[in-house]
Amino acid sequence: MAVLTDPPPPAPAGPTASPDGGRRRVIAMTVWGIAFVAAWLAIGLPTDPAYAFLWIWAGTVAWNSARPWRSHLRFARDWIPVVLLLAAYNLSRGFADNGATPHAMELIVADRFLTGWATGGEVPTVWLQQHLYDPDQVRWWDVLVSWIYFSHFVATLAAAAVLWMRNRRRWIAYMSRWGFLCAAGLVTYFAYPAAPPWWAAQNGLLTEVARISTRGWKEIGMHGAGNLLNAGQIASNPVAAMPSLHTAFALFVVLFFLRSVRKRWWPLMLAYPLAMTFTLMYSGEHYLIDVLVGWAYVGMTFLVVGLAERWWAARRARRAEAGEPAATADAPPGVTSAGEPASVDEPASVDDRDAVPAERR
């Protein structure tokens, strides 16, 4: 006698719910957000690489709070070398001038050549401050400028943290390019120490220029928001202006992700490096020529690192054809274990997202 039973339910088509989601994540991120704002108002915005790393690491722990601690310790293992390199980069910039008089006049001449036809012969910084800056009143664009300037210190690190959680292969490609960009900028600081517009004005080479990159925070009651940044500006090397890595980082982040997003978002993304360019020139931090050279360095970075990855992939392919063993551990940053260069525009798959950060089951 046949027994009638209900058919088994169909297998779920979509991904299962993440064990990190739900109430635990909301509570952890809320605690992290409150602590971040409190530290921000009391101490200042996280502009130091080590300080920013601690907050980013804490954010990843809060977001993935259901994962075991081994997963979070792997984040520190991968990132500590990056933080040490950034700290060494910041310290070494202070020795770039070697006591020599920095280059300044040629940058002024270059900016006047590039924009003098539209600014009456003035460099863009002087012209912008003459038309937009009021020493007695903070305008809304001064507040916006302060936020855009601050984003330089966290945008590249935050993007890297998201990549690490989603796709470590792309994270390696990202960090190899970013590291090359930092190294190229640092070499240039030693080879060609150059001073920004505010320094030139202080030394009589330009008419009065105010350094106003952080003044906007005071207007909205955030008097302590720029404490660390202001202290860093006082202690920073004034001759690390060529190229502008502020605008180079902004363009780098945008270009790295540009082909991964729909084209309708491209104008909004490309507005970020343009806004950073305006911020740097208006606030007296950089000349236009600094910005243009910074953009050129970004192009050089993608070209050189991309060619290096292709060369390494071709070398591994030749070794494979010759029958030589090719251990995956020999693959350089940005190259896959199969010998292929890591694509910077390949969307992360579910497997890629879970491959490294998640605990192996």
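In H7, the buried residues are Thr156, Leu157, Ala159, Ala160, Ala161, Leu163, Trp164 and Met165; buried means under 20% relative accessible area, exposed over 50%, and partly exposed in between (1.4 Å probe, protein chains only). The model is predicted, so local features need pLDDT of at least 70 and side-chain atom pairs pLDDT 80 or more, while totals for chains, interfaces and linings use all residues. Residues are numbered from 1 along each chain as its sequence is written, and side-chain values use heavy atoms, without hydrogens and water.

Helix H7 (residues 155-166) has 12 residues, which at 1.5 Å a residue should span 16 Å; the end C-alpha atoms are 17 Å apart, which agrees. The expected span is 1.5 Å times one less than the number of residues. Helices (H or I, at least four residues) and strands (E, at least two) are DSSP runs, numbered from the N terminus. The protein has 15 helices and 0 strands, and buried residues make up 47% of its 361 residues.

Asn167 lies in the loop between H7 and helix H8 (168-191). The Asn167 side chain reaches the backbone nitrogen of Arg169 at 3.1 Å.

Two residues compared by relative accessible area:

| Residue | Relative accessible area | Class |
|---|---|---|
| Asn167 | 2% | buried |
| Met300 | 33% | partly exposed |

Met300 is placed in helix H14 (residues 288-321).

Definitions and conventions. Polar contact = N/O pair within 3.5 Å; in protein donor to acceptor, adjacent residues only side chain to side chain.
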